[in-house]
Amino acid sequence: MSRRVVAALLIALPLAELAAAFVWLAAAHGGWDLRGVAVHEDGQRTLAATMLYWRHFLREVPVLCVVVAGLTGAYATYGPRSRRRVPRHWPVWLAVLLVVIAFAAAASEAGPTIAAWDFAQAYTRDDRWEYGSHWRDHLLATLGIAAAAVVAATLLARQLDGTWPLPRRAARRQWLGGALLAYAGLTWLCEPSWAPFTDARCVGHQLRELVTHVAITLPLGLGVLLGLTSPLATTEPPRPLGWPRDARLALLVLFAVGLFLGSAALGLGAAAAARPGAGLAALVAAHAFEHTLDYVFVALLCGWLATRTAFDNARAG
């Protein structure tokens, strides 16, 4: 398949998954008209309010920046041989504008101080203030998403280049290293605790984040990066046969994170520890729509980085 076809399929996959989530919500609520129906796990937000959940998006911005850095780094380091096209600035300005609008909307709803605390990771839910709690509710999931990005980028290179990729060190230092430093820095700033490993709500939330972002955000971001870069014809040194070592390590990390979160969620009773009375459709299907603004933000940042980053990534070693 050509790059354009693969990019289109990667972007179409999240849309199909959102359509399936809508069908699930419609079935759970007994009808297609969800305009006046509370679908969110809090039992209050309609589908439209869930999609335009400004305070939630504001909390997600620091997390998404780390995710985008890891996603871009994985693509530049392990993805198909690519080169950037004409640099474009408007996607990043739209992303900034989206954050400004989110802050204004959150400040209008709850006040500027609370909106600032939302951005500073102090709220996981609207009624629960605990500094750093939002980042801690994404700690393991974010690591799993980065590992999934490395695996997916490696598979893309195998599909489009016809061979397994060698890591490109310059790109890895610039993006994956920066993503790991940001990850470690935010973890330290948000006061590490055992909650991501032992708290039922935190574990359950991380599992939903991992599933949602790997299934929807990851293919969307890769599709944008692939669609906005061009193939780079070059002669490279011989590449290894079979899965590269880095991809195997990433796959092991993804498997370990997923296995732990899945087993811990079952063992700790994460579903019962969520909002009282929230059904599986509210916890999973509605959660996919809760990240609607996140998908837009990630697509814009990936679209900008695809034209700004030195994607002449055929240089190995």
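Me: What makes the largest pocket a pocket, and what is its volume?
Reply: The model is predicted. The largest pocket has a volume of about 400 Å³. A pocket is an open set of points, whereas a cavity is one the 1.4 Å probe cannot get out of.

Me: How do you know which elements line the largest pocket?
Reply: Its lining has 20 residues, and Ala146, Ala147, Val150, Leu176 and Leu180 lie nearest the centre. Elements giving two or more residues are α3 (54-78), α7 (139-161), α8 (169-189) and α11 (245-268). α7 gives the most, with 6 residues.

Me: What is the make-up of that lining by class?
Reply: The lining of the largest pocket divides into 16 nonpolar, 2 polar and 2 charged residues.

Me: How many cavities of 30 Å³ or more are there, and what lines the largest cavity?
Reply: The count is 1. About 30 Å³ of space lies in the largest cavity. Trp135, Arg136, Leu139, Thr187, Pro192, Ser193 and Pro196 line the largest cavity. By class, that lining has 4 nonpolar, 2 polar and 1 charged residues. Arg counts as charged, so Arg136 is the charged one.

Me: Why is Val100 called partly exposed?
Reply: Its relative accessible area is 48%. Buried means under 20% and exposed means over 50%, so Val100 falls in between. Val100 sits in helix α4 (residues 90-110).

Technical notes. Residues numbered from 1 in each chain as written. Predicted model: local features only at pLDDT ≥ 70, side-chain atom pairs only at ≥ 80, totals over all residues. Heavy atoms only, no water. 1 Å grid on protein atoms, 1.4 Å probe; cavity = no way out; pocket = protein on both sides within 12 Å on 5 of 7 lines; lining within 4 Å. Points joined across faces, edges and corners; volume = space filled by probe spheres on them. Helix = DSSP H or I, 4+ residues; strand = E, 2+ residues; numbered from the N terminus. Buried < 20%, exposed > 50% of the residue type's maximum accessible area, 1.4 Å probe, protein only.
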